[in-house]
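Hello,

Here is the structure I promised to pass on. Have a look at it first, and then read my notes below.

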Amino acid sequence: VKRDEETKNMVFLTALSAYTSEPINLFLRGESSIGKTYNVVETLKYFPEDDVWLLGGLSPTALVHSRGVLVDENGEEIDLAKKPMRPRKSDYDDTTAYREALRDYMEQNERWIERLKNSRYLVDLSKKILVFLEAPNLETFNMLRPILSHDSWRISYKFTDKSGKGQLQTRHVIIQGWPATIFCTTEEKYIKDLATRGFTVTPEMSTEKYKAANKLTAEKAAFPLSLIHI
């Protein structure tokens, strides 16, 4: 990344703020192809991959399914693979043992159903760095906005989703934590409410920058081994 010192530093400091009590928002303005996304992606390579979420047009359901964890009312994670399995009569030598196993299964399954009934999906954004590479899905943005603007540490949200069998069911989602956010897109409808709660930078668009970038690109193509640092 040539010359864009202010942009690189602001991206780096914004990402660092994710690990503080007051993360900040950063908006990269400017025309297309001036290095907004490139500056961000290259700078964030210095941070843990699990902490950096590169987001595009992410829908609420995709956010929950890809980033959410199913928890019970006590906040403990639910492992769906541990669902009680109904015993098979053929696995038991006598009827008494089978009936006892069946009775245990019925009790466990009842507790399992009750636990699922009070469950919800938890999306924890604390100590995360959210990067909106493209304009986010408006519904997703509206769902995240109270947290991005630090209005609330935790918000509860319900939406209708299709189950694996195609049936509609209500999902209860809790989104918590204040992440650091970087917007590589600055469409007014998305940032109007957040613009006063963040910083704005624009990558340099000078002739000197483009000359330096072209020179580096040529050197990498002509002498790739010269850029390897041991």
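Predicted model: local features only at pLDDT ≥ 70, side-chain atom pairs only at ≥ 80, totals over all residues.

Contact here means heavy atoms within 4.5 Å. Not counting residues up to four places away in sequence, S17 touches E22, P23, I24 and A180. S17 lies in the loop between α1 (5–16) and β1 (25–28), and its side chain reaches the backbone nitrogen of I24 at 3.1 Å. Is S17 buried or exposed? With a relative accessible area of 9%, S17 falls under the 20% cut-off, so it counts as buried.

A180 leads on to strand β8 (residues 180–183), which is covered on both faces. A180 and I182 are buried on one side, T181 and F183 on the other.

What does β8 pair with? Strand β1 pairs with β8 in the parallel sense over three bridges, and N25 has T181 as its bridge partner in β8. Strand β5 (residues 129–132) also runs parallel to β8, joined to β8 by four bridges. Here I129 is partnered with A180, and F132 with F183.

Taken as a whole, the open sheet has five strands in the order β2-β5-β8-β1-β9, with parallel pairing. β2 (52–55) and β9 (198–201) stand at the edges with a single partner strand each, so one side of each has no neighbour in the sheet. From one strand to the next, the twist averages 15°.

Best wishes

Notes: Residues numbered from 1 in each chain as written. Heavy atoms only, no water. Helix = DSSP H or I, 4+ residues; strand = E, 2+ residues; numbered from the N terminus. Buried < 20%, exposed > 50% of the residue type's maximum accessible area, 1.4 Å probe, protein only. Polar contact = N/O pair within 3.5 Å; in protein donor to acceptor, adjacent residues only side chain to side chain. Pairing = 2+ DSSP bridges. Axes fitted to C-alpha atoms, helices over the stretch in contact; angles between N-to-C directions.
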